[in-house]
Every structure is written in structure tokens, then in C-alpha cells.
Amino acid sequence: MKFGNKKDVILLITVACLALLLALPALFAGAGRSALVYVDGKEVLRVALQDGMAEQTIPLGTSPALSVHIAEGKISFCDAACPDQICVKSGALFRAGQTAACLPAKAVLVIQGKGSAPFDAITY
Amino acid sequence: MAARQKKVLFFLALALSAALLACALLFFEEFFPPQVQQTDFIMDTLVNVTVRGKDAAQTAELALGMLHKLENTELSRFREQADVYKANHAAGHRTAVSADIAHWVALGNAVEQRSNGKYSVTLGKLSDLWNVNAQNPKAPSPERIAALLKQPRNVSVEGNSLTVAPGGMLDLGSLGKGAACDRLRAFLASTDCKEAVASVGGSVLLYGAKDDFRIGIRDPKGQAEDFLGELTLGASCVSTSGSYERFFMEGGKRYHHILDGTTGSPAESELASVTVILPERPDAGVLSDILSTACFVLGYDGALPLLQEYGADAVFVFERGSIRAASYTPSGLRFQLTNTNYHLDD
């Protein structure tokens, strides 16, 4: 058979578009990254991380006191009242799979989303 | 060709594309099953469980619940319902414990013997005396340390029961995280889980048929996001002991949390950290945890016979910045140094 007919082309394009449309959600599912903050195992905060987002500091209401700081698509622990400051030293997280934790405040920060985490796990 | 026939043909093509797409999606589900990551605080440390396979979310949740139970009913020396607490408060009498606790303590005792007492599971009173995690920790007086060292502190294992000498206090902090990895492996084997990675503090369980899990070893002198190098591993357990994780400074001296059972003070080897790897076996987790602590206390030369005996691999990081790898497994050690502040020394 011969493909050349206008109708054929339109139909082909329609099918291609349909397939692309169906595949879109899968392609973009990982584009957004979110930061999740857990305190004592419960989710207390969920923020979508975007590059141009406004800078903000959010207190977590823990004891010892602890806040998270969000700026330029990155999130970090800050203003920790604990002596060791291990969580603050973890720095700003932005890559999917990164985690930081504050043991005294039982707070965990996790970045979710697709993207390559550098390792399957970390030993320390 | 008649227009009508053409139309039929195109609808057939359309149906075929849809079917292909559906197949592709099913294929994707089968070969890239959903992956779920859950995080919690258990045993005073961060626990991260990543499960891949059918019912991954439920499996991860059950796994974390199981670890909470392990701490509350078996491992903890602070919770009254736990086997270890009960054995410690039995005034020298025999106490029934779980089969696993008995086995783990027996393994600890074996390594205590082979390390001439430098590693021990009965240093509870000494670590309370040092209390490195206190708000304002202070080095205790040599007299108080000597007094505790004089008391007999052994724990004996008979079947599934323990007897702790009145002067001793069982503290499974040096093996609990690895033991948790073993308990997790046993649980995962009873589920549909195909692949999982769990970290309980610095102890890591790698589960599944994959042979190229990538594990980062943290730089002992850097921050949480700084790495020393990378391990490529199959199903196995990995544990690290380091002097940098919990410590305090006093008079310009650093006092860390890993005690030498013969001196009652923080171990003075020239090591910054030791990472021990054991290929999959029912007690790979607990052994990797025990051995990483024992190797840290023993130092490089003293540790090698122990690693050989248990068929383990290790990465030693020296305070002066050099790194030595040791391998006693048939498959060998796949370690890549990625940090230019260190150099391989062998």
C-alpha cells in the first residue's frame, strides 16, 4: 500500500501524538523534587523544590529547637539548639535520595524525586 | 485499494499501537517494579529502608515495625521489656532470651576472646561512665576506670539464656545495628521483595541478585556529603566504625565513643575508621558490625588475622590519610578511592 495520502499522514500524526501524550506523565514524573521533613517518624513538612523559589526559614517545633532553611531549590537544617550540630553540618540538600538527620530532635530530611542518587547507600 | 479497506487497515494499526503501548507499560512494571523508601529513628539512629518489588510500601512499613520491636523487646538495655535489660537486671542469675540474642552475644564473646578482651559486649558500665553523648561530657578519673575494670564483667551463654556477672553490663551497641540488618534480611526473604537496601546507622544490608550495589564510604575528616571512596558489592553487609561520629574534646584531646575493653578508655589505634564487608550469610550483619569495632580497637596489624578467620573484606582509613584494603573473600574487594586527600598504601 502507498502512504502519501493526506489522511494517512494525519492519522499517523494523531497516533504518534496519542502515544506521546500517554508517555508524558512517565517522562516528567521525576522532574520535580520534593523535600520531606519527618519528626519522630511523622511527616511534618513537604515542599516542592524549585530553582527560583523564595528564601524561607521554617521552625519545626521540636525539642531541641530546629528549623529548615529553603533557598534556590535547596534545603538545609539550621538554627539547631543541640550541641553537636551534625545536621547543620550536613549542608544544603538538593539531589534526590539525599538525607540529613538530627538525632536529638528526631528529625529527618529526605529529598524525593527521580534523578540519580550517587550511591545505593552510605556507610559511616 | 478501496477507501473502506484502507480505513479498516488504519484502525487495525491504531489498535496494534495501543496494544504495543500497553505491553510496554506491563513490561516496565515487571522489570522496574515500584521502589519505596522509608525512614525512621530506631535504636537511636537513622534507619533507611528502600524496597523494590511487589507490595514494596507494605514490606518497608512492616520492616520498620519489626526493627522497633527488635529494639523494644530484645536489644535495648534501657527498655524494661527487652531481653538485654532483663539479663542486666537479673543480679547474676540466668535469664531466658531470644535465640538470636543468645547467638549474637556468643559471637561477641568469641571475638572478645580472639581480641584478648579489647572488644567486648559487656562494656555498659564503662560507656555510662564515659557518657560521650552527654550535654557536657568529661573524661572520668583513671581511678574510676580502674575500679570498673577490676570487676568481673563476663556474660555466659547457655542455650537461649544469658548470665551477666554482677560487675558487668551487657551493651549490644557495637553489634545491634548489624544484627538489625540480619533480622531484616530474614524478613525480606519471607516476602516478594526482589531487591532492598537498608541502612541502620552506618550498617548497610544489600539484598537481592544485583551484583553492583554502589556504597559510599564517608570521609572521616569531611562532612556528611563528603566521600572517601566507593564500594561495588553484591548481596552483603557493610559496617563502619569511626572515631569521628561521636566524640568530645577536652584539654586538646579527642575522646571518642569506641572503648578498648583492656584500658577502659577510647581505643588508641592510628585509625580514623574501619569499614568491614561480609558477603551474604545469616549473620553477615552482626559480624560486620562486631568486626568493624574490633578491627578499629585492634589496629591494622591486629585486625588482619580476625578478618581472615571470618572471611571478611575491610577498608582501613588511617588518621594520617592513607588507606589500606584487606580482602579475605573469594570474590575479592571492589573499592575505588575517589577522594584526593587520601592515598592507597599497599
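In which helix of chain A is the place of T14(A)? In this predicted model, T14(A) belongs to helix α1, which covers residues 6-28 of chain A. A second residue of the chain, A101(A), stands 87 residues away from T14(A) in sequence, and the C-alpha atoms of the two are separated by 50 Å.

The loops of chain A hold several local features of the backbone. One of them is a cis peptide bond, which joins S63(A) to P64(A) with an omega of about -5°. P64(A) lies in the loop that runs between strand β3 (56-59) and strand β4 (67-71) of chain A.

Two further loop residues of chain A deserve attention for their phi angles. D79(A) is a residue other than glycine, yet its phi is positive, near 50°. Its position is in the loop between β5 (74-78) and α2 (86-89) of chain A. D79(A) counts as exposed because its relative accessibility is 55%, and the limit for that class is over 50%. K106(A), likewise not a glycine, has a positive phi near 50°. This residue is found in the loop between β6 (99-102) and β7 (107-112) of chain A. At 35% relative accessibility, K106(A) counts as partly exposed.

Between the two chains, 30 residues of chain A are in contact with 40 residues of chain B. The area buried between them is about 3,100 Å², and carbon and sulfur atoms give 64% of that area. How many salt bridges are counted between chain A and chain B? The count is one. A salt bridge is formed by the side chains of K210(B) and D120(A), with a distance of 3.7 Å from N to O.

Along the principal axes, the C-alpha atoms of chain B fill a box of roughly 105 × 50 × 40 Å. Of the 346 residues in chain B, 53% are buried. Among the contacts in chain B with a separation of 6 or more, 59% are made by residues 24 or more positions apart.

T50(B) is found in strand β2, which spans residues 45-53 of chain B. Is T50(B) buried or exposed? With 17% relative accessibility, T50(B) counts as buried, because the limit for that class is under 20%. Leaving aside neighbours within four places in sequence, T50(B) is in contact with Q35(B), V36(B), Q37(B), E195(B), A196(B) and V197(B).

The axes of α4 (residues 99-114) and α8 (residues 284-310) of chain B come within 10 Å and cross at roughly 10°. Since angles under 35 degrees count as roughly parallel, α4(B) is therefore roughly parallel to α8(B). On the side of α4(B), the residues that meet α8(B) include W104(B), L107(B) and V111(B), while those in α8(B) include L287(B), I290(B) and L291(B). The residues of this contact of α4(B) with α8(B) divide into 11 nonpolar, one polar and two charged.

Note on methods. Residues are numbered from 1 along each chain as its sequence is written. Chains are lettered from A and ligands numbered from 1 in the order in which they are written. This is a predicted model: local features need pLDDT of at least 70, side-chain atom pairs count only at pLDDT 80 or more; totals for chains, interfaces and linings use all residues. Side-chain values use heavy atoms; hydrogens and water are left out. Helices (H or I, at least four residues) and strands (E, at least two) are DSSP runs, numbered from the N terminus. Buried means under 20% relative accessible area, exposed over 50%, partly exposed in between (1.4 Å probe, protein chains only). Contact means heavy atoms within 4.5 Å. Axes are lines fitted to C-alpha atoms, for helices over the stretch in contact, and angles run from 0 to 180 degrees between N-to-C directions. Angles under 35 degrees count as roughly parallel, over 145 as roughly antiparallel, 65 to 115 as roughly perpendicular and the rest as oblique. Ala, Val, Leu, Ile, Met, Phe, Trp, Tyr, Cys and Pro count as nonpolar, Asp, Glu, Lys and Arg as charged, and the others, Gly among them, as polar. Buried area is the accessible area (1.4 Å probe) that two parts lose on being put together, summed over both. A salt bridge is a side-chain nitrogen of Lys or Arg within 4 Å of a carboxyl oxygen of Asp or Glu.
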